[in-house]
Amino acid sequence: MTFDWLDKFHHDMEKEPNYAEKTLAAYRLGMKAKGSIAGVVVQPATNCCDAARLLPAGKVYHPGEAPHLPLPDCPQGRRCGCVYRPVMTYARTDER
Amino acid sequence: MNSIANVLARIPLFKLYRRFGWPKMLPLNLTLSPSPKCNSRCLTCNIWMKREDELRLDEWDKVLASLGRTPYWFTISGGEPLMYPHVVELAQLAYQHCRPGVINIPTNAILPTIPDRVERIARSCPESQLIINLSLDGVGEKHDVIRGIPGNFKKFEERLGQLLSLRRQLPNLTVGIHSVVSVFSVGHLDELIAYADQSGADQFITEIAEPRVELDTVGLPITPSAEDYTKAIDRLIAYVNSKQFTGMAKFTEALRIEYYKLVKRILDEKDQVIDCYAGWVSAQIYADGTVWPCCVRADNLGNLRNHDYDFKEIWFGEKIKEVRRSIAAKECHCPLANASYTNMLHDIPTLTRVSAKLLRRGSPSHHPAVPRLGPIAANDVHK
């Protein structure tokens with residue numbers, strides 16, 4: 001795909017210290033304001049920690065209930081490659 | 001005076017800078033994003049959900065003072081930039097410190113205060129060309145659905161009429177229509193072309209919807225397929241080719257067609273295609289003072305609050321070197337219009353084709369100060 005590089009690049013970016021709080025707050029606002037966001041998924045890195053590997057694949061969370069990234073005890077800290085992705089109503093193909 | 005001749009004279013210097021790191025140059029093309037807040041709910045953008053510790057006006061003042069008279073092209077982006085309460089003052093600060101040739105502002109055309117703000121900016125920045133591009137992603141209800149705001153199209157038409165009236169009094173005002181070509185709009189680009197053609201707007205420009213870190217759209221299925229984009233954009237190219245342009249418009253129209261062809265190649269080849277100068281010639285300052293080479297990658301090059309608001313400290317610092325290496329190594333590629341137009345100005349084959357096209361059609365017969373439909377397209381943003 002044309003933008004595969006950007007997906008990888010985004011996974012590899014160092015996270016801001018408040019990455020989880022800020023991103024999830026944005027999604028909460030998006031849902032409250034009735035945007036087309038339906039929830040959030042955690043997209044694990046290919047080299048993610050064991051705890052991230054155990055997260056249910058593709059689970060759509062309400063932003064208030066999503067696990068905070070990096071997960072506690074993630075050995076990669078702010079270099080954790082797991083990311084949040086917003087789930088948009090127009091992109092949703094299944095209900096979980 | 002920050003003139004187009006001055007810009008052209010700097011091109012060989014930027015080429016040297018990108019290749020050898022010398023002479024050190026500040027960017028020509030700068031995007032300021034004072035706030036992510038927006039009253040649209042576009043399917044192609046999630047920036048409106050973000051909240052930032054935004055730079056205050058006194059902070060912007062110091063940042064812009066540190067740039068001096070180097071930027072030629074400012075884009076004031078957002079969010080919805082004309083909703084930002086201090087947008088007039090921000091434009092005035094940019095004018096006071098930098099005297100840019102162009103101040104470009106995209107808008108969703110929703111707020112009734114827009115014409116007043118535009119007029120104040122145009123009147124207080126008389127030596128800059130002020131380009132206001134009104135977003136239009138469909139005609140009628142199609143627009144409202146894509147932008148997520150019922151009644152948006154009606155407001156667009158109202159605002160367009162008001163701004164076109166203003167334009168008659170303000171020689172430095174250009175009013176354009178800007179469409180994002182996404183999976184949601186690619187099927188009705190013909191309607192948009194026809195609408196823009198009879199609208200009275202000075203220009204109709206398009207940009208492909210692509211994922212950006214800035215907009216939190218990485219991984220979202222908003223970009224049309226190369227096949228769908230090619231079909232649609234070839235009709236736009238044919239339309240532009242069917243028109244007669246003179247003066248500066250002839251040059252910008254030729255450059256615009258080059259941009260559309262470049263996008264097709266980037267989608268097809270999945271490669272930078274021509275050298276990218278983001279991080280050398282163009283940059284963006286985000287709402288919280290973070291400097292980015294571009295809004296697609298949004299690498300954090302440093303925050304101006306931590307550098308005494310001196311842009312040069314970040315631009316000539318250590319952190320940017322790795323990002324420049326990555327861009328030069330073609331570790332990224334994208335069709336971002338804002339960067340692409342500056343990139344094309346630094347690409348000899350592109351300039352050669354544009355020049356050949358101008359010569360084939362003969363010399364410009366006159367030079368209208370404000371070219372009409374089809375001219376300048378550089379530096380649009382899709383929000």
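## Two packed helices in chain B

In this predicted model, helix 2 (residues 57–67) of chain B packs against helix 3 (residues 87–98) of chain B at an angle of about 25°, and their axes are 8 Å apart. Helix 2 of chain B is therefore roughly parallel to helix 3 of chain B; angles under 35 degrees count as roughly parallel, over 145 as roughly antiparallel, 65 to 115 as roughly perpendicular and the rest as oblique. Axes are lines fitted to C-alpha atoms, for helices over the stretch in contact, and angles run from 0 to 180 degrees between N-to-C directions. Helices (H or I, at least four residues) and strands (E, at least two) are DSSP runs, numbered from the N terminus.

The crossing of helix 2 of chain B with helix 3 of chain B is right-handed; a crossing is right-handed if the near helix is turned clockwise from the far one by less than a right angle, and left-handed if anticlockwise. Helix 2 of chain B contributes Leu57(B), Trp60(B), Asp61(B), Leu64(B), Ala65(B) and Leu67(B) to the contact, and helix 3 of chain B contributes Glu89(B), Leu90(B), Leu93(B), Ala94(B), His97(B) and Cys98(B). Two residues are in contact if their C-beta atoms, placed from the backbone, lie within 7 Å. By class, this contact has 9 nonpolar, 1 polar and 2 charged residues. Ala, Val, Leu, Ile, Met, Phe, Trp, Tyr, Cys and Pro count as nonpolar, Asp, Glu, Lys and Arg as charged, and the others, Gly among them, as polar.

## Numbering and confidence

Residues are numbered from 1 along each chain as its sequence is written, while chains are lettered from A and ligands numbered from 1 in the order in which they are written. The model is predicted, so local features need pLDDT of at least 70, side-chain atom pairs count only at pLDDT 80 or more, and totals for chains, interfaces and linings use all residues.

## The sheet of chain B

Chain B has an open sheet of 8 strands in the order 6-5-4-3-2-1-7-8, with mixed pairing. Strands of a sheet pair through backbone hydrogen bonds, either parallel or antiparallel. Two strands pair if DSSP finds at least two bridges between them. Strand 6 (203–208) and strand 8 (291–292) of chain B are at the edges with a single partner strand each, so one side of each has no neighbour in the sheet.

Strand 1 (residues 29–32) of chain B pairs in the parallel sense with strand 7 (residues 282–285) of chain B over 4 bridges, and Leu30(B) stands opposite Ala283(B). Strand 1 of chain B also pairs in the parallel sense with strand 2 (residues 73–76) of chain B over 4 bridges; here the bridge partner of Asn29(B) is Trp73(B). From strand 1 of chain B, Asn29(B) and Thr31(B) point one way, Leu30(B) and Leu32(B) point the other way, and all are buried. A residue is buried if 20 or more other C-beta atoms lie within 10 Å of its own, exposed if 12 or fewer, and partly exposed in between, with C-beta atoms placed from the backbone.

## The edge strand and a helix across the sheet

Strand 5 and strand 6 of chain B pair in the parallel sense over 6 bridges, and Ser179(B) has Thr206(B) as its bridge partner in strand 6 of chain B. In strand 6 of chain B, 6 of its 6 residues are buried. Helix 4 (residues 114–124) of chain B lies across strand 3 (102–107), strand 4 (129–135) and strand 5 (173–181) of chain B, and runs at about 160° to strand 4 of chain B.

## Buried and exposed places

In helix 12 (residues 337–345) of chain B, 9 of the 9 residues are buried, so this helix is largely enclosed by the rest of the structure. Among them are Tyr341(B) and Met344(B). Glu227(B), in helix 8 (residues 226–241) of chain B, is exposed, with 10 other C-beta atoms within 10 Å.

## Backbone details in the loops

The peptide bond from Trp22(B) to Pro23(B) is cis, with omega near -5°. Pro23(B) is in the loop between helix 1 (4–20) and strand 1 of chain B. Gly78(B) and Gly79(B) are also joined by a cis peptide bond, with omega about 5°.

Asp216(B) has a phi near 55°, a positive value in a residue other than glycine, and counts as buried, with 25 C-beta neighbours inside 10 Å. Lys34(A) has a phi near 60° and counts as exposed, with 9 C-beta neighbours inside 10 Å.
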